[in-house]
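Welcome, and thanks for taking a look at this complex. Please open the model below and keep it beside you as you read.

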Amino acid sequence: VSKPTDLVQGTLDLLILKTIAVEPMHGWAIAQRIRQLSNDVLLVGQSALYPALHKLEQQGWIEAEWKLSENNRRAKYYALTRAGRKALATETRQWDRLSAAISLIVSKA
Amino acid sequence: MPRWLITLRLRLRSLFFKAEVERELDEELQYHLEREIEERRAAGLPEGEARFAARRSMGAIAQNMEACRDVRGVNVIEHGMQDVRFALRQLLINPAFACTAMLVLTLGIAATVTIFGFVDAALVRPLPYEDPSRLVHVFGTDPETVHSQRRGAVSYQDFRDWRERNRAFRSIAAYDVRAGFNLTTPAGPERVRGLRVTSGFFRTLGVAPRLGREFRDHEEGPSAPATVMLSYSAWQTRFGADPAVLGRTVTLQFPWLAGGEPHVVIGVLPPEFHFPMAAEAEFWATIRGRQACWDVRRCQSLEAVARLADGVSREAASSNLTAVVAQLRTEYPEHHRQPAVAKLVPLRDVMLGDIRPILLMLLGAAGLLWLIAGINGVSLVLARTETRRREIAVRSALGASSARLVLQFATEALVLAGLSGALGLLLASWSMRALTRLISEDMIALMPYFRDIGLSVRVIVFAGVLSLIVGLVLGLIPLVRTSTSETLAGLKEGSRGSASTMWRRAGAPLVVAELAIAMILLVSAGLLGKSLYRLLHVDTGFNLQQLAVLSVSPVSVAPGSPNENERPGDLAHHVAERVAAVPGVVSVAYADLSPLAPAMAPSSTLWVAGRSEHEQLKESWPVRRVSAGYFRTLQATLLRGREFTAGDLAAVRPVMTINNTAAQRYFRGDDPIGQSIALGGAGSPLREVVGVVADIKDGPPESAPHPAAYVPFDQSAFTLIVRSAQAEHTVFPSVVAAVHAVQPGLLVHGQTTMSEQMERLPSTSLNRSSAWLVGGFASIAFALSLVGLYGVIAYTVGQRAREIGVRMALGAQRRSVYRLVLGDAGRLVSLGAALGVVCAVTLATLMQHLLFAVESWDPATLAVASTALIVSALLASYLPARRAVSVNPVEVLRAE
């Protein structure tokens, strides 16, 4: 099991942006979605998740709104802003380049 | 929304809605925890276990919350607050340092801010008129002579033509320089401040009345109805701010017109209105009725103010008006002997007069004091950083980053400067008011813009900037000081390596700078003091001592009263006769104006009979109307001829006396006695010169000698000049009783003495105020520089205690130790004094025109100032030297 802290710096931001690109989500749901989509490989602890969310909000990439959740409770939903969408595109491109480069080296060796 | 704006909004929210943000953070994490619990419960765990497992998976919640706060950027501010609290604690831990530094900085800031308050009130704050930059004061002749001789510039008849013919002004108005009214009150007649103006006066200035209306055009002229406008303060104090004052009547008498008349109140001026040339007039009336001077073109009793027409420059307006003046000259050649010039000066410049250079000089002096206070602050902080070297070393060894340390020290400096700035501002707001109270009532009337002086926004900003500069400079010192090598050095107990030499290296130049600045201020104060002394002891041409002065004015001459058939001048004669009999009175004289009176004497051209037109000097000089025995009472020197006799006055003989300057200028080597002069021009009656008197300073003592003429007194209102045998104040009650014995209804006012008049003249009182202020600044600077010098020498002696101990153990004499220490001090002092003298002389040449009969390089002042500085500086260094000598060599060596 790989923890996000072991991931390349900035990867968690990319994961969060990608996850909420579909629809606004609250923190717990984001962690769950990342875990499901990664087949339980990536477990995002709240100790990393919430500082990252708050930082992205400060950067203006995501915005927060209090809404009722699926179990009828107040939860803080995060959604992408326009700047966030642009950032997601750049980050994705960079990730593609980086991961391609890494796998080139790893698979050859 | 741009991203930085989002960030800013969120940061501000985190800062100012801290509780809400914290609650949301809490709620967010709580929600997460509950979902974790639910998930585990759904997986079949019992309640307690699900809760425990969820908590364990969450980790340390408090730490996470702190991480979120960090990300939100709240911590930078929190740390800043911590630094401020720490700085305050540091200041409290060392109250001696804190108090000394704050006292010094507060003094410097307060002095500068106080003077800036005056500068702001006089030079920066807008005048209380509409668009004041378009207002000009109009001089019908050279402004220099008008200013120095304090006389009117234009006659009423000429003014009317100016008003009609000019194409340069949107409007032009004039006021009569002969200010003052006699007001009839239930308690008897009273002399009040008042001014007569032309009807467009307030329209020209752009002042709207607070109540009622301003003058209309038909309210000016010989047959105009009598109306009056009140100043705001007159309305408040005399009419209890009664809004129904409009339409009421007050009985006013213009002293140059016989008989009082009821005037209808038509308006009240706004509270902020002032007009410095009117010396705070309470009553404003128009030029109306019949007064001899207003009918004659050569009687120049008015001064004019004008508003430039749109798009007309001052130069263009000036040449337009000059053309009008020239036109009048050709139309009425017999009345216009002076060259045709019209000068327009911005109204503000005329209002400020000499005050601008004085204020700027004072601001400079205060600035120097601020500088010296700042330097003292720097050396204090430097010394304190020195004592905290170990603290710095320990803290950086414990992991404080050097940025954090620098920030910490900068915060301390800013807190210190901020506190001093706030205290300085408080002190300044108090001292501004205290200083305005010290200015005499006469002076403040001429400078009404100082009345509501106080903390304006500009003053507060100025104080803030001063403190910020101090704070930044003080904050930069540790930045220089806390380099890593020194941190390591600091850890070694008792090390005296680079740090102390650094302090000595920085301390010495600071002390030299302080001494030089103190020297500049001492020299300036000395020069101003000497100038004041010279002003007060100028040769006035008469004896100021034991002269009592008071003015008498008949309030109303009702038709049919017993005095009706008397000639003007008879009243004065009767009063003088009665006063002469008062015990203690040595002699009595009277005149239209006493010498040194703060008012303008009318002036005329001296037209010497028997000379062709082009031989005449076309200049106009003051003419005084005086009694018999005038020169004897003043104890002026009659050079030739005789004084007027009672017979001259009774018969109103056409005789005159001229002063020595006039005799030289108009008659060169010839004897003026027996010559004839027409006052005012070729058409005027000839007067025979019967005497020549040595020059009398009639006006400001600093004015250059100028021709003057004296003619027999022939008016109804007069000023009595009484020479008494005892202290001049003591004769007033009996003299006033004697005046009222002649006619009970006479108004007696303006009781003063000649010496008081001298003291209260604008030039002497301005010179006195600035001499005292600069003297005060100089003493503070002097004390601060001595303290600074003492500090450096004492520190050096402390550092060299071991060396001195060794020297003495090896048999050095006390004398040589003294020489060692005092030699160090002497070098600093002589360098500082020399630098100070050079700067002082350079700066003093800039204020040369503020000095009266004193050169900027006055050797006596320089000698006294430098001796005082050097002697006291050596005394200040003698104390540490004595301590050095008294060390016990054995103890010092053992202590090492």
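**Briefing on the predicted complex**

Starting at the N terminus, the elements of chain A follow the order α-β-α-α-β-β-α. That makes four helices and three strands in chain A, where helices (H or I, at least four residues) and strands (E, at least two) are DSSP runs, numbered from the N terminus. This is a predicted model, in which local features need pLDDT of at least 70, side-chain atom pairs count only at pLDDT 80 or more, and totals for chains, interfaces and linings use all residues. Residues are numbered from 1 along each chain as its sequence is written, chains are lettered from A and ligands numbered from 1 in the order in which they are written, and side-chain values use heavy atoms, with hydrogens and water left out.

**Confidence**

- For the complex, the predictor reports an ipTM of 0.84 and a pTM of 0.74.
- Chain B has an average pLDDT of 84, and 92% of its residues score at least 70; pLDDT is the predictor's confidence in each residue, from 0 to 100.
- Within chain B, helix H7 (residues 143–149) has the lowest confidence, with a mean of 43, while helix H9 (residues 201–205) has the highest, at 95.
- Residues 142–151 of chain B stay under 50 in pLDDT, and the model has 29 contacts for them beyond four places in sequence; contact means heavy atoms within 4.5 Å.
- Residues 493–499 of chain B also stay under 50 in pLDDT, with nine contacts beyond four places in sequence.

- Of the 109 residues in chain A, 41% are buried; buried means under 20% relative accessible area, exposed over 50%, and partly exposed in between (1.4 Å probe, protein chains only).
- Taking the contacts in chain A between residues at least 6 apart in sequence, 49% join residues at least 24 apart.
- Two packed helices are described by the angle between their axes and the distance between the axes.
- Helix H1 (residues 11–22) and helix H2 (residues 27–37) of chain A pack at about 100 degrees, and their axes are 10 Å apart. Axes are lines fitted to C-alpha atoms, for helices over the stretch in contact, and angles run from 0 to 180 degrees between N-to-C directions.
- H1(A) and H2(A) are therefore roughly perpendicular to each other. Angles under 35 degrees count as roughly parallel, over 145 as roughly antiparallel, 65 to 115 as roughly perpendicular and the rest as oblique.
- On the H1(A) side, A:Leu15, A:Ile16, A:Thr19 and A:Ile20 meet A:Ile30, A:Arg33 and A:Ile34 of H2(A).
- Sorted by class, the H1(A) contact with H2(A) has five nonpolar, one polar and one charged residues. Ala, Val, Leu, Ile, Met, Phe, Trp, Tyr, Cys and Pro count as nonpolar, Asp, Glu, Lys and Arg as charged, and the others, Gly among them, as polar.

**Chain B: a helix crossing**

- The axes of helix H6 (residues 95–124) and helix H16 (residues 402–438) of chain B come within 6 Å and cross at roughly 45 degrees, so H6(B) and H16(B) are oblique to each other.
- The contact of H6(B) with H16(B) has 17 nonpolar, eight polar and no charged residues.

**Positive phi outside glycine**

- A:Asn72 has a phi near 65 degrees, a positive value in a residue other than glycine.
- A:Asn72 lies in the loop between strand E2 (62–68) and strand E3 (74–80) of chain A, and counts as exposed at 60% relative accessibility.
- B:Ala853, also not a glycine, has a positive phi of about 60 degrees.
- B:Ala853 sits in the loop between helix H29 (814–846) and helix H30 (859–885) of chain B and is partly exposed, with a relative accessible area of 48%.

**Residues to inspect in chain B**

- B:Gln757 belongs to helix H26 (residues 754–760) and is buried at 7% relative accessibility.
- Not counting residues up to four places away in sequence, B:Gln757 touches B:Val549, B:Ser594, B:Pro595, B:Leu596, B:Ala597 and B:Thr752.
- B:Val742, in helix H25 (residues 732–742), is partly exposed at 26% relative accessibility.
- B:Val742 and B:His574 are 168 residues apart in sequence, yet 7.1 Å apart in space, C-alpha to C-alpha.
- B:Leu828 is in helix H29 and counts as buried at 13% relative accessibility.
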